Amino acid sequence: MRGKKLVRRLLAIVAGTVIATTLAGGYIPETGVQNTQVVYAAGRTVSFSSVTIQGSNVVANITCSSLPSSDDGKFYLFADEVYQDGCVGTVVATADRASSAQFVFPLNLNTAESNLSKKFIVAVKQGGSYAQVSNEHYITNPEAVATHSVGRNDHGIKGILPDQAKLGTNELSELGVQQAIYNMYLENLCGPTTNAAYETINYTYDGETYQFNGAIVHEYDSIVSQWNSLGIQVTMVILNTQNSTNAAAADLIHPDSQDGHECPGYAFNTANAQGTKHLKAIAAFLGERYSGTGHGNIDNWIVGNEVNARTEWYYLASSNLDVNVSSYVKAFRIFYNGLKSQNANVNVYNSIDQEWNRKSNPGSFLSKDYLDRFNYYIVREGNIDWDLSFHPYNAPLFDPYAWKGQAQYLSTSITTPYITMQNLNILVEYMHRSEMLAPDGSCRRISLAELGYTSEFGEEYQNASIVYAFLMATSYPEVDSFMLFRQTDNAHEMESHLALGLNNVDGSHKSSYYVYAALGTSNQQQYVDQVSATIGTDVTSLVVNRTFLTRGGWFLND
């Protein structure tokens, strides 16, 4: 939840077999393949074992549960763009039909024929037509060609969303934060410069040249470099917003997101060639620029914000879960491959909210359902090292008691309506399930990229919530960031009792400012003791013992 739409969410809380198909034929666009019809086989008996970059080539290995019939005894490997389906791309390799086979073909990196972000399918000829006999599969090791890899700045999870108005102060140093999270708006980034003092940046990728706004890029360069100089690790959230005055970014918005629905975030355009090419170029540009090339280093990238919140943060007109997730996965693959092909050491995260099994808005998807479907598509099409960005706010958002939530919203079961810091163990244990693990068998990294607590009902409760949440986060080795939202109160959010900042609107410090500054230091214990007195029990014991406390209503002692 980033900005004013957070209030809308708040108010809502309060109140295997493929049927054979024949397509009319002719010349298949953009492929050079002449065909009269394309046939989809009645069963996909071919499976990819791997698709990996090896040197300047791509090597794809397949196995067969049973050999599909074939006119000529050959397998054909098609490379499709993400918006294409079936045997409509380019045949990049062939192999003799056998129970196992290997295809070797050029990667063609940074050319018009680049295969870096293509999806691959296996086909045979049956009755003179191509029949698809495998599922789709992507390259899974784009980091193999990274030439700008730099060491990560992993040294602690304590983070914050900085206040732009305070970038010139020393508050981040006073707070002792080790991480900062920031938003990157693609609509501002793309196109010619808006300030004559900064030249337009021309960037050539896959044979085409794209423009980036030199003034906006300079702003990001300055901010990222400043935080790097303070020893702060940077996480950047890539947001796809819409500005009707910037034609250079119009192709980034998915066609099915352009029905007039107002939203601070729209689905990335993976539906056509223009949008897909532009996204690839952006991913490569960002990966190169912020990876040891003199403009600051960004270690972590989050693709979109709370993408399960369809009508609020990642809008696509369809209310079908599969349609939405498959579209997002395509965009995620583009950014993952583009960023990792520049810097092998970056982490790339998806983003979901805390609404695990309860919707506050009927237009959204449950975050558990979205996570499950996301992982399904990733594993099916080539497992990669994606990571999870999660927002464990209280339920409701303005509930001031992080250590004792309302029983109607929280439980210790997998069926819990919400996951907050109290029952974060549910998420952590879920990510340890075998089907959710990273390719190397480890648990994926979990970034608590956004959470915050209101001081509206007493600063002592904000303090207690922050201390409890931070201690809980540091107790999980799977958690790699704790991003407090926010440094300074937002007046609009405060209209709905969301005084989430460490500073008041006028910039003066709340007591939580000093509490957060002490966390992770030798001064931490005095505030732990204060918080324990506030809540009437030892907060450290609550965390260590995973004590689960709930109440019946709005008041602490209900």
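Which residues does Arg546 touch, not counting residues up to four places away in sequence? Arg546 touches Met472, Ser475, Tyr476 and Ser541; contact means heavy atoms within 4.5 Å. The legends below begin with the source of the model and then take five close-ups.

This is a predicted model, in which local features need pLDDT of at least 70 and side-chain atom pairs count only at pLDDT 80 or more, while totals for chains, interfaces and linings use all residues. Residues are numbered from 1 along each chain as its sequence is written, and side-chain values use heavy atoms, with hydrogens and water left out.

**View 1. Arg546 sits in the loop between α13 (539-544) and β22 (549-551).** Helices (H or I, at least four residues) and strands (E, at least two) are DSSP runs, numbered from the N terminus. Arg546 has 32% relative accessibility, so it counts as partly exposed. Buried means under 20% relative accessible area, exposed means over 50%, and partly exposed is in between (1.4 Å probe, protein chains only).

**View 2. Strand β8 (residues 119-126) pairs with β5, β9 and β10.** Two strands pair if DSSP finds at least two bridges between them. Strands of a sheet pair through backbone hydrogen bonds, either parallel or antiparallel. β8 is mostly covered, with six of its eight residues buried. Strand β5 (residues 74-80) runs antiparallel to β8 over five bridges. Here Leu77 has Val122 of β8 as its bridge partner. Strand β10 (residues 137-138) is also antiparallel to β8, joined by two bridges. Phe120 is bridged to His137 of β10. Four bridges pair β8 with strand β9 (residues 129-132) in the antiparallel sense. Ala123 has its bridge partner, Gln132, in β9. β8 and β9 form a hairpin with two residues between them. In its turn, Gly127 has a positive phi of about 65 degrees.

**View 3. Eight strands close into a barrel.** The order is β11-β12-β15-β16-β17-β18-β20-β21, and the pairing is parallel. From one strand to the next, the twist averages 30 degrees. Axes are lines fitted to C-alpha atoms, for helices over the stretch in contact, and angles run from 0 to 180 degrees between N-to-C directions. Helix α4 (residues 214-229) packs on the sheet and touches β12 (179-185) and β15 (233-239). The direction of α4 makes about 175 degrees with that of β12. Strand β18 (residues 387-391) runs parallel to β20, joined by three bridges. Ser389 has Ser447 of β20 as its bridge partner.

**View 4. Helices α6 (residues 321-340) and α7 pack together.** Their angle is about 55 degrees, and their axes are 9 Å apart. The two helices are therefore oblique to each other. Angles under 35 degrees count as roughly parallel, over 145 as roughly antiparallel, 65 to 115 as roughly perpendicular and the rest as oblique. Helix α7 (residues 367-380) also lies across β17 (347-353) and β18, at about 145 degrees to β17.

**View 5. Pro439 lies in the loop between α8 (424-431) and β20 (446-451).** Leaving out residues up to four places away in sequence, Pro439 touches Asn383, Ile384, Asp385 and Arg444. Gln524 is 85 residues from Pro439 along the chain, and their C-alpha atoms are separated by 38 Å.
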